[in-house]
Amino acid sequence: MWDVFLSYSRGDVERVRPLAQVLRDGGLKVFTDETGVASFAGISDTIRRELARSKALLAYYSTGYPEREACQWELTTAYLAGLGEGDPRGRVMVVNPEPTSDHIHPVELRDARHASADDPAALVADVREHVARLDGPMAIRERAVRRWLLGSPEPRLDFLGRLSELWQVHSALHAHSAPLVTGRDAPRAVQIRGMAGIGKSALAQEYALRFEAAYPGGVFWVNGQAYDDSVRALSDSAGTSFGADGPFLWIVDSVPADRLTARDIAAMAAPHPLGRTVFTLRSRAYAGIGTPVDLEPLDALHARVLVGGDDALAEAVEGHPLALGLLGRAIRAGHHPRELYDRLHARGGSLLDTLAGTDVTGALVRDVDTAEAADVLRCAAVLHPLPLTVEDAERVLAAVDRVPRAVAARRAGNGVAELRVRGLLAPVADGGWRLHPVTLHAWHHHDPAPARTESLRHAALRTLCGRRDPVTLTFPGSRREAPMAAPSESERMAAFDIQVELVTRIGVQELAPGTGSLREALASLKSLIDFTRGTLHTYSIGLERGSGAPTVQSLAYALINDTIRPFTSTWHPRLAAYEARCPADAAPLDHEAAWPQAEAMRTELTTLREPLLRIAEALGGISGADFGMAATG
């Protein structure tokens, strides 16, 4: 039996090893996982077994800890074990190496006194005192729902990347349990908000499934679209008595906020003081009825897993869980990713609707119910993927409708405000707003006035696009000449920035045999992708496959999608799998040097040099800079 199960992020391993030794020197039996749990595999049998043999979990709660899926699985398991005994803190202790505690979830742990790794003697004494109060190892509960009324859903296998949001929901519902930290002494409802298909219902369901032990009074799932009928059915259920068995969870799913007032929504809350209410809704206009938990698209890593590993499709729908799930199932059914990518962007019927067997895209834009919001959305669609500002929409509307700028400004401002509340516009870092590509896809198939969209598109091109001085291009074997746009100043600057970054990276600068780190080489290439995308965004330049003379857009596309990504997508998972088996006493570089596939990876890394040099040279043709690194061959 272990006294302590030491839970930590792999990025903190060098700081945690001395801590583990201090605890062992103090006479404590400490379990540490030196190999880590594979991402997206849930909690492994080994970890579950060792947790069940441990008295308590000690979390090294750095800012990186909440980002590690395995860490959150371990913490949740120990937390629920303590919760089943009456106090979740009984089986969980926290070492906080950070200056503040805002990153710690759930809130009950934030309220607890945290041990410090800077005082080893006090830490050992605190841990020894804590585990001495525990009679035996923690009882690991299997995830099971004892009392669901109106349905008992099964766990979703496609639930990925939302562990931090689960803790946000739980902390918000229990903030009154830590009044000194939160300043709240009474429970509040929680709103899970976001665009259609972003995973609001899935998060509420997964929270109820994982944290059912916190609600001995049961879980009540109410349909917000038919609230009265759902509550009537609950009232007719035999033996239903809200609060009789203790706190209960009251989930009101799919609240139709577009036709309700804040008072109407507040009236849907749990009908007893012991109830904890979770609303799911698309609107962001009702902050007063509960603590908001806003869902954003999935990050790139989880999106790629959900869609079946295809980067192009994952990027095309930008982390939208519904779209990712539909495309992923299509790939598993035998559809080729390239075919799906083409169909996703084709005119005609929506691919997402076809894959779902019903109209799922209509819900994404159903809330666009005013002419002002619809026109601003059309303007955003015209400019996508560039950001839209209120001033952009103002100019376009003034030009099309021939109204004073003041009138157009009011319409544009109203439209942007409504779309923001509906969650249909997302802010961008440099100012302005943009559509999510899945919203754009839905609008293309549900725009009630496509002729209006075409008029706005023409106006946008006339008012927002700068004029370029043409040059002429002579076709081979012909005397005909055709105009071709010369590079703009923005394109020349973007080409120069990417060119400078490219020629200094591993791949262009050769890695001598037996030197350097393959992991650093991968990180360098990945950061080059990020730098290139950021540069294009800075200069408002798109990314597109080339079909003619080289442009910044086509060269950037070739750099990212045709050159770097095939290499990183092949070698990153292989190297990561090998790194996970690194012994505790081995230096990472020594372990990497012993990798049987190291030489093959170095060989392929060397072959990247020629296409990278060709791209750098072509960028020089646009920027006018020559670094003396002409491609060979």
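Predicted model: local features only at pLDDT ≥ 70, side-chain atom pairs only at ≥ 80, totals over all residues.
Leaving aside residues up to four places away in sequence, Phe-242 touches Phe-220, Leu-234, Phe-248, Trp-250, Pro-271 and His-272. Its C-alpha atom is also 8.8 Å from that of Gly-218, a residue 24 positions away along the chain.

The protein chain contains 27 helices and 14 strands. Of its 633 residues, 47% are buried.

I turn next to helix packing. Two packed helices are described by the angle between their axes and by the distance between those axes.

The pair I would take up here is H18, residues 390-401, and H19, residues 405-421. Their axes lie 8 Å apart, at an angle of about 130°. That angle makes H18 oblique to H19. The crossing of H18 and H19 is right-handed. On the H18 side, the contact is formed by Val-390, Ala-393, Glu-394, Arg-395, Leu-397, Ala-398 and Asp-401. H19 contributes Arg-405, Ala-408, Ala-409, Arg-411, Ala-412, Gly-413 and Val-416. Sorted by class, the contact of H18 with H19 comprises eight nonpolar, one polar and five charged residues.

Another pair is H3, residues 69-84, and H6, residues 163-173. Here the axes come within 10 Å and cross at roughly 35°. H3 supplies Glu-69, Gln-72, Trp-73, Leu-75, Thr-76 and Tyr-79, while H6 supplies Leu-163, Trp-167 and His-170. By class, the contact of H3 with H6 has five nonpolar, three polar and one charged residues.

Finally, the cysteines. How many disulfides does the model contain? The count comes to zero, on the rule that a pair of cysteine sulfur atoms must lie within 2.5 Å. As for accessibility, Cys-379 is buried, because its relative accessible area of 4% falls under the 20% limit. Cys-582 is likewise buried, with a relative accessible area of 14%.

Thank you for your attention.

Methods:
Residues numbered from 1 in each chain as written. Heavy atoms only, no water. Axes fitted to C-alpha atoms, helices over the stretch in contact; angles between N-to-C directions. Helix = DSSP H or I, 4+ residues; strand = E, 2+ residues; numbered from the N terminus. Parallel < 35°, antiparallel > 145°, perpendicular 65-115°, else oblique. Left-handed = near helix turned anticlockwise from the far one by under 90°. Contact = heavy atoms within 4.5 Å. Nonpolar A, V, L, I, M, F, W, Y, C, P; charged D, E, K, R; others polar. Buried < 20%, exposed > 50% of the residue type's maximum accessible area, 1.4 Å probe, protein only.
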